[in-house]
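Visitor: Could you take me on a close look at the charged side chains here and what they join up with?

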Amino acid sequence: MKLCFYFVLLNAAAASAAIEKRIMGSESCKSNRQYHVQIKSTQGGKSCGGALLNARWVITASHCAEQEVKLKFALNLKWYKKLKKITVTKNEQTIPIKQQFTFKDEQGKAHDIMLIKLSKDVPPQIPTISYDKTGCTRPEKHAIVEIGGMGPKKAGGKPVNKVTCATTQISECGENDKPNSNYNSDESRVMCGFKPGVESCFGDAGSAVEYEGKLHGLIVSQPVDNCAKHVVMLDICHYIEWMEKTMKENS
């Protein structure tokens, strides 16, 4: 993700070297986030992340789709890309809106969380991310969570072609730290993260929030021209029952 890294240091030379080091690859995911999915609208204008839950389902933020989208898999799986039997088309799928499922509450208000049903199973070599189906609890305040994405290196830039990672700390949400007004913004379902130098940018929304090795949330910040210093996330613990039911009823 951009994970925009801005530092104010007294020594200008040291600052330049530190910034270059952080932006130029020291935050590579290495072998992590192999479940990451890139999501782009076929008509342009939307670029997001998602997480592969199993061979047939992806979870992301609702605002990342709601129209025909193209999904790319195995973006951080270097050894997999080298297999001669694997073609690019096996790592990509175009998904129509009828295979996209947004959560709606009892009042009919949409929440910024979506399940996408793939048209065919992805190859079994591509890793998935697990989540607590029972006993799921949100990370406590000050807990360190892992985030990642393919946002640009700087505000206003274009999303990058590799997945990058960082950590942030669960913190209090500000008055304006909430999902887009098109979606429910119940405070009990929203989490925020803040860590100096770590921000989310255009292209990072929909990406997984990982805590203790499992999926616990989704980035729903959706900045366009600027990057978000406070990363707004949706806590998936409130949606587990819906996730399980949706995947079962539409298998």
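Guide: Let's start with Arg56, which counts as partly exposed at 26% relative accessibility. On this scale buried is under 20% relative accessible area, exposed is over 50%, and partly exposed is in between (1.4 Å probe, protein chains only). Keep in mind that this is a predicted model, where local features need pLDDT of at least 70, side-chain atom pairs count only at pLDDT 80 or more, and totals for chains, interfaces and linings use all residues. Residues are numbered from 1 along each chain as its sequence is written, and side-chain values use heavy atoms, leaving out hydrogens and water.

Another one joins Lys214 to Asp132, with the closest N and O atoms 2.8 Å apart. Lys214 belongs to strand β12 and Asp132 to the loop between β7 and β8, 82 residues apart. Lys214 is partly exposed, at 31%. Then there's Glu172 with Lys141, at 3.3 Å from N to O. Glu172 is in the loop between β9 (164-171) and β10 (190-194) and Lys141 is in the loop between β7 and β8, so they tie together parts 31 residues apart in sequence. Glu172 is exposed at 56%, while Lys141 is partly exposed at 45%.

Asp235, in strand β13 (residues 231-235), is buried but has no salt bridge, and Arg138, its nearest side chain of opposite charge, is 4.1 Å away. For charge, Lys and Arg are positive and Asp and Glu negative, with His and the chain ends not counted. What does the side chain of Asp235 reach at 3.0 Å? That's the backbone nitrogen of Cys237. Setting aside neighbours within four places in sequence, Asp235 also has contacts (heavy atoms within 4.5 Å) with Arg138, Ser188, Arg189, Met191 and His216.

Terms used
Helix = DSSP H or I, 4+ residues; strand = E, 2+ residues; numbered from the N terminus. Salt bridge = Lys/Arg side-chain N within 4 Å of Asp/Glu carboxyl O. Polar contact = N/O pair within 3.5 Å; in protein donor to acceptor, adjacent residues only side chain to side chain.
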